[in-house]
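Please open the model in a viewer and keep the sequence at hand.

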Amino acid sequence: MDPLQYELLELICTTCNLHDVDLEKIGPDDPLIGPESPLGTDSLDALEIAVTVQKKYGVRMDSENTSRIVLQSMASLAEYIRENR
């Protein structure tokens with residue numbers, strides 16, 4: 001995982017109050033949201049993540065479809081931030 005991806009993972013864990021997550025076991029391509037996510041996050045968490053990312057990095061996810069694509073994985077979220085800063 002690159003530095004931005006790891007920073008985002010820590011931010012997500014803080015934002016969603018995920019205290020028992022072993023950060024070393026999360027891969028950049030693991031799903032961020034949904035039942036397959038090792039984080040156990042859901043659609044409400046996705047909204048919190050989107051708002052936090054917008055505040056911290058100044059990038060906005062304009063639609064539900066965009067956020068679904070961007071929040072697929074840590075890698076896709078980091079790529080979106082890099083492209084839209």
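**A charge over a ring**

Begin by selecting Lys56 and Tyr57: Lys56 lies over the face of Tyr57, at 5.8 Å from the ring centre. A charge is taken to sit over a ring if NZ of Lys or CZ of Arg is within 6 Å of the ring centre and within 35 degrees of the ring normal. The model is a predicted one, in which local features need pLDDT of at least 70 and side-chain atom pairs count only at pLDDT 80 or more, while totals for chains, interfaces and linings use all residues. Residues are numbered from 1 along each chain as its sequence is written, and side-chain values use heavy atoms, with hydrogens and water left out.

**Helix 4 and its cover**

Next, select residues 74-84, which form helix 4. Helices (H or I, at least four residues) and strands (E, at least two) are DSSP runs, numbered from the N terminus. Which residues of helix 4 are buried? They are Met74, Ala75, Ser76, Leu77, Ala78, Tyr80 and Ile81. Buried means under 20% relative accessible area, exposed over 50%, and partly exposed in between (1.4 Å probe, protein chains only).

**Two buried leucines in one loop**

Move to the loop between helix 1 and helix 2, where Leu23 is found. Leu23 counts as buried because its relative accessibility is 18%. Not counting residues up to four places away in sequence, Leu23 touches Tyr6, Leu9, Glu10 and Cys13; contact means heavy atoms within 4.5 Å. Leu23 and Glu10 are 13 residues apart in sequence, and their C-alpha atoms are 7.9 Å apart in space.

Then select Leu32, also placed in the loop between helix 1 and helix 2. With 2% relative accessibility, Leu32 counts as buried. Beyond its neighbours within four places in sequence, the contacts of Leu32 include Ile12, Leu39, Leu71, Met74 and Leu77. A C-alpha to C-alpha line drawn from Leu32 to Ala46 spans 8.4 Å, for 14 residues in sequence.

**Exposed residues of that loop**

Asn17 lies in the loop between helix 1 and helix 2, and it is exposed, with a relative accessible area of 53%. The phi of Asn17 is near 55°, a positive value in a residue other than glycine. Most residues other than glycine have a negative phi. Lys25, found in the loop between helix 1 and helix 2, is exposed with a relative accessible area of 65%.

**Between helix 2 and helix 3**

Select Met61 in the loop between helix 2 and helix 3. Is Met61 buried or exposed? Met61 counts as buried, at 13% relative accessibility. Leaving aside neighbours within four places in sequence, its contacts include Ala50, Ser67, Leu71 and Tyr80.

**The lining of a pocket**

Finally, select Ala46, Leu47, Ala50, Ser67 and Leu71, which lie nearest the centre of the largest pocket, out of 16 lining residues. Helix 2 and helix 3 are the elements that give two or more residues to this lining. On a 1 Å grid over the protein atoms alone, a pocket is an open set of points where a 1.4 Å probe fits, with protein on both sides within 12 Å along at least five of seven lines; lining residues have an atom within 4 Å of a point. The largest share of the lining, 6 residues, comes from helix 2.
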